[in-house]
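Biologist: Could you take me through this model? I would like to begin with the overall contacts and then go into the details.

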Amino acid sequence: MDLMERTVVRCAEGHVFATASFPMQQLGADRIGPGRLIRCPRCARLRHAVPVEPVKR
């Protein structure tokens with residue numbers, strides 16, 4: 001069982017993936033914005049990524 005919280009993000013290229021850590025998440029969106037630089041596993045580059053909103057059913 002994975003005890004780490006995972007965050008689903010979308011990179012600037014449109015790739016959606018889950019990450020175990022989202023750097024500086026604790027600082028809040030109103031202070032530095034919702035996006036972070038993170039390495040995308042699909043294109044293997046540092047990309048601006050933002051959390052994906054959960055789908056409401």
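Modeller: Among contacts in the chain between residues at least 6 apart in sequence, 34% join residues at least 24 apart. Please keep in mind that this is a predicted model.

Biologist: Noted. How many helices and strands are there in the chain?

Modeller: The chain has 1 helix and 4 strands. Along the sequence they follow the pattern β-β-α-β-β.

Biologist: And what is the order of the strands in the sheet?

Modeller: The sheet is open, and its 4 strands run in the order β2-β1-β4-β3 with antiparallel pairing. At its edges stand β2 and β3 (36-39); each has a single partner strand, so one side of each lacks a neighbour in the sheet. From one strand to the next, the twist averages 50°.

Biologist: Over how many bridges do β1 and β2 pair?

Modeller: Their antiparallel pairing extends over 4 bridges. Within it, Val8 stands opposite Ala18 of β2. The two strands, β1 and β2, form a hairpin with 4 residues between them, and Gly14 in the turn has a positive phi of about 95°.

Biologist: What about β1 and β4, over how many bridges do they pair?

Modeller: β1 pairs with β4 (residues 46-51) over 3 bridges, again in the antiparallel sense. The bridge partner of Val9 in β4 is Pro51.

Biologist: Back to β2 for a moment. Which residues are on its covered face, and which on the uncovered one?

Modeller: Phe17 and Thr19 form the covered face of β2, while Val16 and Ala18 form the uncovered one.

Biologist: Which residues make up the largest nonpolar core?

Modeller: That core has 6 residues in all: Val9, Cys11, Phe17, Ile38, Cys40 and Ala49. For the chain as a whole, 25% of the 57 residues count as buried. The accessible surface of the chain comes to about 4700 Å², and carbon and sulfur atoms account for 53% of it.

Biologist: Let us turn to Cys40. Is it buried or exposed?

Modeller: Cys40 is buried, since its relative accessible area is 0%. Setting aside neighbours within four places in sequence, Cys40 is in contact with Cys11, His15, Phe17, Arg45 and Arg47.

Biologist: There are several cysteines here. How many disulfides does a search of the whole structure find?

Modeller: The search finds 0 disulfides.

Biologist: Why does Cys43 count as partly exposed?

Modeller: Its relative accessibility is 22%, and the partly exposed class lies between the buried limit of under 20% and the exposed limit of over 50%.

Biologist: Which residues does His15 touch?

Modeller: Not counting residues up to four places away in sequence, His15 touches Val9, Arg10, Cys40, Arg42 and Cys43.

Note on methods: Residues numbered from 1 in each chain as written. Predicted model: local features only at pLDDT ≥ 70, side-chain atom pairs only at ≥ 80, totals over all residues. Heavy atoms only, no water. Contact = heavy atoms within 4.5 Å. Pairing = 2+ DSSP bridges. Axes fitted to C-alpha atoms, helices over the stretch in contact; angles between N-to-C directions. Buried < 20%, exposed > 50% of the residue type's maximum accessible area, 1.4 Å probe, protein only. Areas by Shrake-Rupley, 256 points an atom, 1.4 Å probe, with all protein chains shown as cover. Core = buried A, V, L, I, M, F, W, Y, C linked by side-chain atoms within 4.5 Å. Disulfide = S-S within 2.5 Å.
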